[in-house]
Amino acid sequence: MAHYSFLKDLKDSKIAVSLIANRYRSQGLTVEEMISKEQQKLGDLLIVEHGTYHEIKYDIMAASTNNLCFEIANGKGDLTGIARTEAHLVHYVVPGKDKKDFLVFTFDTHRLKQFIFDPLNSSKVRAVQGGDRRKYSMLIVSIETIINDKVASQVEVMNAELQV
């Protein structure tokens, strides 16, 4: 099994959630974290003033593969990840080598789903199996395609030290 450690991955994902939450808090917005499993169907964060739910994904492999990985189903065939989220926006956080600087992709969820599931984009989207015992269905899209096709509504570099 390659690099996988559930506890380390959970800790890293919390870093990503904190990074995005602090960004919105620094703009004077009220941020609520979704805790329960039922709440998390809507996303990881709620920006109260906007009434928007935000899903946060931490893609540790993206920096080395130059691809973003969108989980869509588990081994039972149940929808998961991007295919299941009801969040309005999805943020993909890609760590730099020092884990202080992060490349952050912000997607309108509806637009992202349209792109990755559109048969006309099949040459730009690669289906793979991965995760725990390779039970999860995922779609891989190159970062270059994400940028060139303007799939993300925003791409920015964020510094964790500046997010207080």
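Author: Two strands pair if DSSP finds at least two bridges between them. Helices (H or I, at least four residues) and strands (E, at least two) are DSSP runs, numbered from the N terminus. Here strand β3 (residues 52–58) pairs with β5 in the parallel sense, over 5 bridges. Within that pairing, Glu55 has Val90 of β5 as its bridge partner.

Reader: Before we go on, what kind of model is this?
Author: This is a predicted model, in which local features need pLDDT of at least 70 and side-chain atom pairs count only at pLDDT 80 or more, while totals for chains, interfaces and linings use all residues. Residues are numbered from 1 along each chain as its sequence is written, and side-chain values use heavy atoms, with hydrogens and water left out.

Reader: In which sense do β5 and β6 pair, parallel or antiparallel?
Author: Antiparallel, over 7 bridges. Val94, for instance, is bridged to Leu103 in β6. The two strands form a hairpin with 5 residues between them, and Lys99 in the turn has a positive phi of about 55°.

Reader: How many residues of β5 are buried?
Author: Buried means under 20% relative accessible area, exposed over 50%, and partly exposed in between (1.4 Å probe, protein chains only). By that rule 6 of the 7 residues of β5 are buried, leaving the strand mostly covered.

Reader: What is the strand order in the open sheet?
Author: The order is β4-β8-β7, 3 strands with antiparallel pairing. β4 and β7 (125–130) are the edge strands, each pairing on one side only.

Reader: How should I read the largest nonpolar core?
Author: In soluble globular proteins, nonpolar side chains tend to be buried together. A nonpolar core is a set of buried Ala, Val, Leu, Ile, Met, Phe, Trp, Tyr and Cys residues joined through side-chain atoms within 4.5 Å. The largest one here has 21 residues, and those with the most contacts inside it include Leu68, Phe70 and Ile146. Elements supplying at least two residues each include α4 (81–84), β5 (89–95) and β6 (101–108). Apart from this core lies another, of 16 residues, among them Val17 and Met158.

Reader: What does Phe70 touch?
Author: Leaving out residues up to four places away in sequence, its contacts include Ile82, Leu112 and Val141. Phe70 is buried, at 0% relative accessibility.

Reader: How are the rings of Phe70 and Phe107 arranged?
Author: Rings of Phe, Tyr and Trp (its six-membered ring) pair if their centres lie within 6.5 Å; planes under 30 degrees apart count as stacked, over 60 as edge-to-face and the rest as tilted. The centres of Phe70 and Phe107 are 6.0 Å apart and their planes stand at 80°, so this pair is edge-to-face. The pair links distant parts of the chain, 37 residues apart, from strand β4 to strand β6. Ring pairs also join Phe70, Tyr92, Phe105 and Phe107 into a cluster.

Notes. Contact = heavy atoms within 4.5 Å.
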